[in-house]
Amino acid sequence: MFSFGITSALMKKMLHLVLLLLTLVTPNCGYSYQIKPGEEYSGDDDGSGLTSLYIGGIIPYTGKSWAGGKGCLPAAQMALEDVNNRTDILPGYELKMIWNDSACNPGLGTNVFYNLLYNEPIKIIVLTGCSSVSTPVAEAAKMWNLVVMAFGASSPALSNRDRFPTFFRTHPSATLHNPTRIKLCQEWGWKKIAVIQETQEVFTSTIEDLEKAVKAADMEIVIRQSFLSEPDSAVLNLQDQDARIIVGVFYEDMARKVFCEAYKLGLYWPKVIWFLIGWYPDNWYMVEDKDVNCTAEELKEALEGHFTTEGMMLKPDDTPSISGMTSSRFEERMATKIDNPAETSGYPESPLAYDAIWAVALALNKTMNKLAPFGIQLENYTYGNEEIANEIYMALNSSNFPGLSGTVAFSATGDRLAWTQIEQMVDGEYKKIGYYDFANDNLTLEREKIVWSDAYEGKPPPDGVRTEEELQLISKKIYIPVCILAGLSICFAVVCITFNICFQHTGYIQCSQPHINNFIAVGCIIALFCVILLGLDGQYVHEHQFSSVCHSIAWLLSIGFTLGYGSMFSKIWMVHGLVTQEKHDSDDGRKRRRKISLQEVQPWKMYIMIGIFLAVDIIFLTVWQLVDPLYRDIEEQSKKIIPEKDLEIQPQLEHCEAKKFEVWLGILYGMNGLLLIFGLFLAYETRNMTVRDLNDSRYVGMAIYNVAVLCIITAPVTIIIRSQQDAVFGFASLTIVFCCALTLVLIFVPKMLAIYRNPQGTYTKNIAGYANPSKEDEEKNKRLVAENSSIKQEIASKEERIKQLTELISQRRQSFSQHTNIHQRSPSRSRKSRNSLQLPDKLTPPTISCEDSAFVSGGFTSSSLSPYSRGHRSSCAASEEEFSETYI
Ligand code: ABU
């Protein structure tokens, strides 16, 4: 509707012009001007002696988006009345408004604006409503030096002074909602939100601002959806993403469509909480809408429990505004103009419209006073008059008065600074639950009024499937028994060391190199202590201490291994060096290894070897720690979902990790692997050898087999099963315990038994356990016995034959002598002494090679089998302490 005062002749002329323009510019537009009788052109006296000043109104009176004019226009008219009734404001002037309906449509709104511009009277200021119309109007108004005041524009985009240099608004920017939304999310522990918006600049700029605020608050927008006119797929996407906290920004008509879809998909309370704009009329969901195929009841169900935020539009206290009117008086007066406020669009914003007119009136009053000394009057304003326009702009810019909506003042960008009001819909009705003063970060909530579902125990629902991080801990059922085993093994190792020290004076213990054996036991103790460290996870150590545990494990395990295994290796290496040397047997061309000279055991060589191993270890570990230190790393395993609890469990596994962990581990495994394999080889080579001064080399060899085989198996397996903490710990720790315990048993128990049987520990070959014969030795023994008996049989048969021959000879000799005695007595005697056979009583048996003897130095020697040994063999047997020799 259009209302202005005009003389009848000019009125006809104007009408012609307007109708012509309407036909030309907006054919089929369908709007009409309502001319209020008695109103005149700007600057003309209407008979009351007052000069009329005109405001051009572009009011959203119809339309589906926001028909705020219905509530705001009566308030603006009320303000005009109040201003005009005041003699101290704009004396000699009457402030009037010529307006038309924009239907909150930018095209129509622009058209109305041009009509206002190109038709008299001159409008000294333009008043707009919603954002989508305010935006093009305010952008164009600067071309006519026109100041624009909006009572219903919330778009954050309008805060751009470069684009809208003459724009002011009493409506707070929609960005004001965002700190409130974030504050509420923080209050209720929500960090993940979803967003759905209508594609309009006002909402896009609001959400852009929200994104920044969310990021700054360390929150997350999990999904952002926008739609032009049909929100179905956008809402479906929200559901697909399992959105729980949804901020929806759209006009009222779209809100009905969105909630119809949400209803169909079940995307609502209590599982899903919506945040909407708070300026819809209270029963907006009940409005008949042929585009929405949901009933009001269905929409009500979908809207239950949602929250709204809105800039505070009517002061909660009853202090009077500049007009002298209080909030309650305003509501009373509005009630006389509007039948059903709850159903009237723009009713909540009506105080803003009232304040907008007052701001304009006060600014014009100020301008009037400022221009008066220069003889310039407000009615002199034309669209080209920059001077008056500037004055009006500056006057508005410096506004500061108590309005109905609070203090009316504008920021540098022309925005209002206001409190935010928070409401919740309960059983179809909006209930105020609090306010937020962003400037002072003060949230006032009436918590008892807030309704939460019993499904969530009367608490805010979660913002999504909650993810709980669960540290994968080593089971105590495994850790404690393994620790007990390790502890017992450590005790046993201490007993072994004590025994070794107590009996080191005995010859038998001395011949086993007790110091080296002590190193073995100490290495075992260090490695066993590592077992306890291996199980120290998040339940026992703080995450900051975890890297120290990692370093301790690396150092202790390496040093323990080197000391224990390295000592055994040095022994077996010494034995091998003493007893084997390759040489050609020229007799049969076969290669044989045999000791060719006697050597003493030199313990210092073993100490040097162990020292070298330790030095290599220490250098390697120091370089590792300095170059690429170990740290605590978390491996996230696949999640477990518990739908009934809205819970997702994220198993996490702690690891010792380094940037180049594989490289360091490769080097360590490579070095120790070579040592293990070489140790295996030496143990095999010397399996049948015993050296007096290393009398336990056989057991050391067995321990090396055991350690090498277990380590070679365990190392790769623990890498493969790395993600199963119990299995890794159980496997690795039991291997360590088993290796150490068996090593201690093999090396120390035979000595303990030997000392038990012979407390003096004298070195005799009869001492059990000194050097047990091998199976191979026993087979050789059997073979020699069998050979000996067959030779004996042969000797017996030969002796029988000799006996027979001897008898035959003697018979023949008798008969011959009888015969010769008769004929030649003396010559026959001399022939007998020359030809007679001189046979021994028995034949000398063949010698038995010492090469076939496995234990020259042990209880089983070839000398014990045959008394007829070769010359050098007697020294091997007699001196037995020296060495054995064997064929390979
Ligand atoms: N409170 C109504 C806001 C309407 C708009 O910004 O378009």
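Visitor: Does Ser350 count as buried or exposed?

Guide: This is a predicted model, where local features need pLDDT of at least 70, side-chain atom pairs count only at pLDDT 80 or more, and totals for chains, interfaces and linings use all residues. Residues are numbered from 1 along each chain as its sequence is written, and side-chain values use heavy atoms, with hydrogens and water left out. Buried means under 20% relative accessible area, exposed over 50%, and partly exposed in between (1.4 Å probe, protein chains only). Ser350 counts as buried because its relative accessibility is 1%.

Visitor: Which residues is Ser350 in contact with, beyond its neighbours within four places in sequence?

Guide: Contact means heavy atoms within 4.5 Å. Ser350 has Gly71, Cys72, Ala75, Phe330 and Met334 as such partners.

Visitor: How is a nonpolar core read, and which residues of the largest one touch the most other members?

Guide: In soluble globular proteins, nonpolar side chains tend to be buried together. A core is a set of buried Ala, Val, Leu, Ile, Met, Phe, Trp, Tyr and Cys residues joined through side-chain atoms within 4.5 Å. Here the largest has 143 residues, and Leu90, Phe113, Phe250, Phe259 and Trp274 touch the most other members. A second, separate core of 46 residues includes Met609 and Val707.

Visitor: What does Phe259 touch, leaving out residues up to four places away in sequence?

Guide: The partners of Phe259 are Phe250, Trp274, Leu276, Trp284, Leu299, Ala302 and Leu303.

Visitor: Why does Trp604 count as partly exposed?

Guide: Trp604 is classed that way because its relative accessibility is 49%.
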